[in-house]
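The entries follow in the order I wrote them.

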Amino acid sequence: MKNIRLLFIVILLLFGVLYGSSAHLCGTPQLSFTRDVIPDTNPVADRNPILQADTAMSAPGLPAAPALLVGTERTFFAPDFRSMQQYTVSAVLRGVGNFCYVFVEDTEWNTRVTTATVQGIIRAFDAAVPSDPQRGIYLTLTEHFGVPPDIDGNGRIILLLLNIRDKDHGSQFIAGFFNPADQHRGVLRNPGFRGFPIRSNEAEILYIDTHPLNPNSETAHNVIAHEFQHIINWRHDPKEATWVDEGCAEYASFLCGYSLREHVSAFEKTPSVSLTTWPEARSDLLPHYGAAFLWMLYLHEQYGGVETLIKIVQNRGTSLTGITDVLASQGVPQTISDIFISWKLANYLSDYRAVSLSLSPRRWYRSYPSGAQDGQLHNFSADYIGFEDAGGLTLGFSSGSVSSTDSHAIEFHTTGAVKVRKIELSTSNTGSLVLPTTVTEAILVPSLQSESFGADTQSERYQYSATRGAHITFVAAVLPNPVHPRYWDIIAEPSERLVGLTPMVTLVRLNGGVEQVYKEEQAMYQAAQDSQDSGLYRFSFLLEPGIEPASVVYQISLDSRLVDTGTLIE
């Protein structure tokens with residue numbers, strides 16, 4: 001039965017259920033600092049253990065809460081995202097489901113929220129989601145990931161519909177959130193609330209917006225599924241990294257069959273965001289939601305389906321550590337870095353079953369040479385640079401990171417074939433690739449993926465270039481070493497800065513009018529940088545006794561093309 005439901009999810013998404021969402025954000029990351037709380041030192045709280053800050057797991061047990069009746073009034077404490085202080089919300093219980101209580105802020109009742117709104121929400125939470133008309137959000141998610149905590153002992157989730165006091169994000173807004181502070185008891189203090197006390201509601205609450213979010217829409221139900229997963233995630237691992245927590249919450253919406261198109265579209269437009277870094281609230285967050293979701297979806301499709309995501313949610317390791325543990329336990333031989341490299345390519349090639357992607361490269365080139373260009377990669381991010389009319393191009397690449405940088409070229413051929421080739425890097429982390437003449441379009445995909453401790457904020461500069469034909473020329477000079485006269489130096493200066501390309505030198509000896517290779521082709525090395533940063537290249541060698549300098553010819557080549565030649569003594 002479970003496999004049938006999962007097949008239904010995939011079929012539904014293949015036919016477009018991911019399309020047509022709004023630019024909604026989750027407010028939970030802004031409240032994540034309340035995972036580490038400090039007890040209030042208020043003497044009253046000290047005398048009353050019920051008011052001590054404590055986690056839901058270790059909080060004192062309470063008697064089972066009595067069932068509430070429609071019409072019950074309650075005052076809630078809610079965060080104001082503009083001031084990061086709390087205020088009180090007066091609400092009335094307007095609907096009771098098998099797994100939820102629906103409270104509505106007084107000012108929203110019979111304006112944006114009606115009886116039909118409440119009935120629709122209860123149906124989505126209790127009875128039916130797009131991926132399964134026989135079960136709602138609660139059963140769909142708890143069947144896979146486990147039941148939520150129950151600090152208030154009432155066996156239900158409170159869905160509080162209110163006009164969330166949000167900062168001005170332009171077209172983006174906080175559509176809902178789960179506040180971890182509600183999983184503690186009493187009064188809490190935390191610097192994130194500017195030193196003001198935080199009062200816990202001591203209940204499992206999902207705060208759902210009523211404006212500008214339309215509470216009568218399927219998008220509102222999507223938000224509920226997303227936020228409900230945050231409660232479940234919190235029970236298993238309250239210190240989980242934000243990007244994993246949000247990725248799992250997005251995946252929960254996917255399992256329920258709700259649209260994630262807005263977040264995926266944002267990633268398509270800005271695919272170079274870091275997977276593992278969650279920015280501050282004032283940044284454009286939508287691409288990060290898309291990245292986190294697509295990563296979880298890729299693990300779902302390539303590494304074990306929903307069972308892998310269940311283990312990720314339930315593993316207490318955080319960030320990449322937890323994911324690594326899960327994949328290792330399933331016998332996956334690839335490292336996280338290897339999987340990330342495959343994922344970055346899958347995103348451009350749209351190598352998914354459940355979504356169709358069309359990524360926008362950061363820049364397109366249509367004429368050459370491109371010149372040496374600079375870029376920057378944050379850890380666990382990839383860049384996409386496009387080249388049209390790419391047949392015969394030489395792509396050069398260099399980076400400051402020796403071990404953690406990777407670069408591939410995706411080639412689109414006139415035959416319709418699509419090939420991916422890696423740019424092999426030298427020990428100096430430079431490399432180049434010559435594209436076949438049949439290539440019509442190419443995408444350069446550099447990436448940075450370092451799994452070392454504390455690498456979350458790591459970034460690296462890189463350079464690339466695209467050249468074609470014999471436009472790069474060299475000026476060369478040959479001179480004996482002033483200290484050791486039997487040693488000679490060949491100095492060469494290219495007409496433009498080289499990226500990923502290394503000039504090579506071959507020495508040929510003229511012996512009785514016959515050319516013989518004297519020294520096989522060897523690489524020159526960069527000797528200095530002049531004021532124009534074009535670079536000087538040097539090659540040093542020993543000329544054995546008995547060999548006349550006038551009989552030796554040097555040949556400098558670049559990408560197998562002869563660019564300069566001459567004798568040691570001209």
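**Entry 1**

Is M84 buried or exposed? I looked this up with the caution that the model is a predicted one. M84 counts as buried, because its relative accessibility is 10% and the cut-off for buried is under 20%. I found M84 in the loop between β3 (73-80) and β4 (85-96).

**Entry 1: F380**

I then turned to F380, which is not a glycine and yet has a positive phi of about 55°. F380 lies in the loop between β12 and β13 (381-382). With a relative accessibility of 1%, F380 counts as buried.

**Entry 2: cis peptide bonds**

The bond from H211 to P212 is cis, with omega near 10°. I placed P212 in the loop between β10 (205-209) and α5 (218-236). Y368 and P369 are also joined by a cis peptide bond, with omega about 10°. P369 is found in the loop between β11 (363-365) and β12 (373-378).

**Entry 3: the sheet with β12**

I looked at one pair in detail: β12 and strand β20 (residues 459-467) run antiparallel and are joined by 6 bridges. Q373 has Y464 in β20 as its bridge partner.

**Entry 4: the sheet with β23**

Which strands make up the open sheet ordered β24-β23-β27-β28, and how are they paired? I noted 4 strands with antiparallel pairing. At the edges sit β24 (514-523) and β28 (561-567), and each pairs on one side only. From one strand to the next, the twist averages 20°. Inside this sheet, strand β23 (residues 504-511) pairs with strand β27 (residues 552-558) in the antiparallel sense over 6 bridges. For T506, the bridge partner in β27 is Q555.

**Entry 5: helix α6**

How many of the residues of α6 are buried? I found that 15 of the 15 are, so α6 is largely enclosed by the rest of the structure. Helix α6 covers residues 242-256 and reaches 21 Å from its first C-alpha to its last. That is close to the 21 Å expected for its 15 residues at 1.5 Å a residue. Just after α6, G257 takes a positive phi of about 90°.

**Entry 6: a nonpolar patch**

I finished on the surface, where L349, V418 and V420 form a nonpolar patch. Together they have about 210 Å² of accessible area. L349 belongs to helix α11 (residues 336-349). Why does L349 count as partly exposed? Its relative accessible area is 34%, and partly exposed is what lies between the cut-offs of under 20% for buried and over 50% for exposed.

Conventions:
Residues numbered from 1 in each chain as written. Predicted model: local features only at pLDDT ≥ 70, side-chain atom pairs only at ≥ 80, totals over all residues. Heavy atoms only, no water. Patch = residues over 30% accessible without salt bridge, like charges linked within 9 Å, V, L, I, M, F, W, Y side chains within 5 Å. Areas by Shrake-Rupley, 256 points an atom, 1.4 Å probe, with all protein chains shown as cover. Salt bridge = Lys/Arg side-chain N within 4 Å of Asp/Glu carboxyl O. Helix = DSSP H or I, 4+ residues; strand = E, 2+ residues; numbered from the N terminus. Buried < 20%, exposed > 50% of the residue type's maximum accessible area, 1.4 Å probe, protein only. Pairing = 2+ DSSP bridges. Axes fitted to C-alpha atoms, helices over the stretch in contact; angles between N-to-C directions. Expected span 1.5 Å × (residues − 1).
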